[in-house]
Amino acid sequence: ASAQQAPCIELNDGNRIPSLALGTGRGTAKETDSLDDVRNAVFWALQAGYRHIDTAAVYGDEEQVGQGIADAIAKGIVTRDQVFVTTKLWNDKHARDQVVPALRESLSRLGLDYVDLYLIHFPLATKSDGSPENIDYLETWNGMEEAKYLGLARSIGVSNFNASQIDRIVANSPVRPAVNEIEVNPTLTQEPLVYHCLSLGIAVMSYSPFGFLVSRDRPDAPPPRYDDPTLVALAAKYGKTPGQIVLRYLIDRGLIPIPKSTNPKRIVENINVFDFQLEREEIASISRFNKNTRVIDISDWKDHPYYPHQS
Ligand code: NDP
């Protein structure tokens, strides 16, 4: 199959973001990827037509992401300006004056002179040992604005923010987040938060897009699994896999899924979702799996004043 490309969505600052990204965060499923797998995955993804890579300082793989991009540039597969790179500020760098230096360190690991999108990874600040730190994310946002002003990040946004945290930034800053990156999948459909963001012109990136379709080492995980009859029937109808059906479900809801894979076959499979579309009732049938169950559990931080979730 020839390389597919994800169409772009226009952000509220005028920049354009490809509507599907390769995830490079590892360790949310039971896996043994090495960092070199990330370099290869990024290269294979660019070869397969991906134009958006999602990483973060805390993943410890920015260097390998940068190498994968450099490999693809050296082979003439892409130019820098054709690739959209997202990275994130970790929780222990939330003081206003730490933001730009933290981004410069990410850029140096990536081997880039700008990123396309820089996100505050979580609304809550911690010390480097992980214990809570009392820094207001509005202060952090001021540092993000500086990063944009300096041209080190073309767009800025947030991740794991709830609706009232989004509102508080919008009310207190001239620069609106371009993106909120949150968990969305068939068991965590997030309709209210997604609607809230989209109606403010804030694009939504959906992480852990496969939810519990794939093994998360949680025997109590709710359906759907990969062999769920609803997904299998849709897969048969469209000549796709259950994984592709779930990615398309997210795209048809206006979201930007971030499937992670280090497997060359699945990397190609995951972007091969732009030649079909689900019907409204099919989207609803997948949303009915919702259980508000999260893959990413941050309840260790539940007593933090800026803990974003309800439970
Ligand atoms: P995903 O939902 O992307 O699932 C990844 C798992 O699914 C891996 O085990 C992968 O294995 C497997 N897989 C990939 N493609 C397929 C397929 N077509 N069929 C069957 N199995 C498949 O989960 P993640 O939690 O990794 O989330 C994705 C990305 O989102 C992360 O990599 C990261 O970039 C981002 N993220 C952001 C967070 C945030 O706080 N902002 C939090 C969590 C994630 P294999 O590699 O072997 O294919």
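Predicted model: local features only at pLDDT ≥ 70, side-chain atom pairs only at ≥ 80, totals over all residues.
Trainee: Okay, which residues of helix 7 are buried?
Mentor: Within helix 7, which runs over residues 229–238, the buried residues are Leu231, Leu234 and Ala235. Seen down the helix axis, these buried residues fall within an arc of 105 degrees, so they line one face of helix 7. An α-helix has 3.6 residues a turn, so residues three or four places apart point the same way.

Trainee: Then what sits on the face turned away from the buried side of helix 7?
Mentor: That face carries Pro229 and Ala236, which are exposed residues.

Trainee: What covers the buried residues of helix 7?
Mentor: The cover includes helix 8, residues 242–252, and helix 10, residues 280–287.

Trainee: How do helix 7 and helix 10 pack, parallel or antiparallel?
Mentor: Their axes lie 10 Å apart and the packing angle is about 150 degrees; angles over 145 degrees count as roughly antiparallel, and helix 7 and helix 10 are therefore roughly antiparallel to each other. On the helix 7 side the contact is made by Thr230, Leu231, Leu234, Lys237 and Tyr238, and on the helix 10 side by Glu282, Ser285 and Ile286. Helix 7 passes helix 10 in a left-handed crossing.

Trainee: Switching topic, how do helix 5 and helix 6 cross?
Mentor: The axes of helix 5, residues 163–172, and helix 6, residues 191–199, come within 10 Å and cross at roughly 15 degrees. Helix 5 and helix 6 are therefore roughly parallel to each other, and helix 5 passes helix 6 in a left-handed crossing.

Trainee: Which residues meet there?
Mentor: From helix 5 there are Ala163, Ile166 and Asp167, and these meet Leu193, His196 and Cys197 in helix 6.

Trainee: Which side chains does the side chain of Thr24 join in polar contacts?
Mentor: The side chain of Thr24 has a polar contact of 3.5 Å with that of Thr55, and another of 3.3 Å with that of Asp61. Leaving aside neighbours within four places in sequence, Thr24 is also in contact with other residues, including Val38, Val42, Ile53 and Val65.

Technical notes. Residues numbered from 1 in each chain as written. Heavy atoms only, no water. Buried < 20%, exposed > 50% of the residue type's maximum accessible area, 1.4 Å probe, protein only. Helix = DSSP H or I, 4+ residues; strand = E, 2+ residues; numbered from the N terminus. Arc of directions from axis to C-beta. Contact = heavy atoms within 4.5 Å. Axes fitted to C-alpha atoms, helices over the stretch in contact; angles between N-to-C directions. Parallel < 35°, antiparallel > 145°, perpendicular 65-115°, else oblique. Left-handed = near helix turned anticlockwise from the far one by under 90°. Polar contact = N/O pair within 3.5 Å; in protein donor to acceptor, adjacent residues only side chain to side chain.
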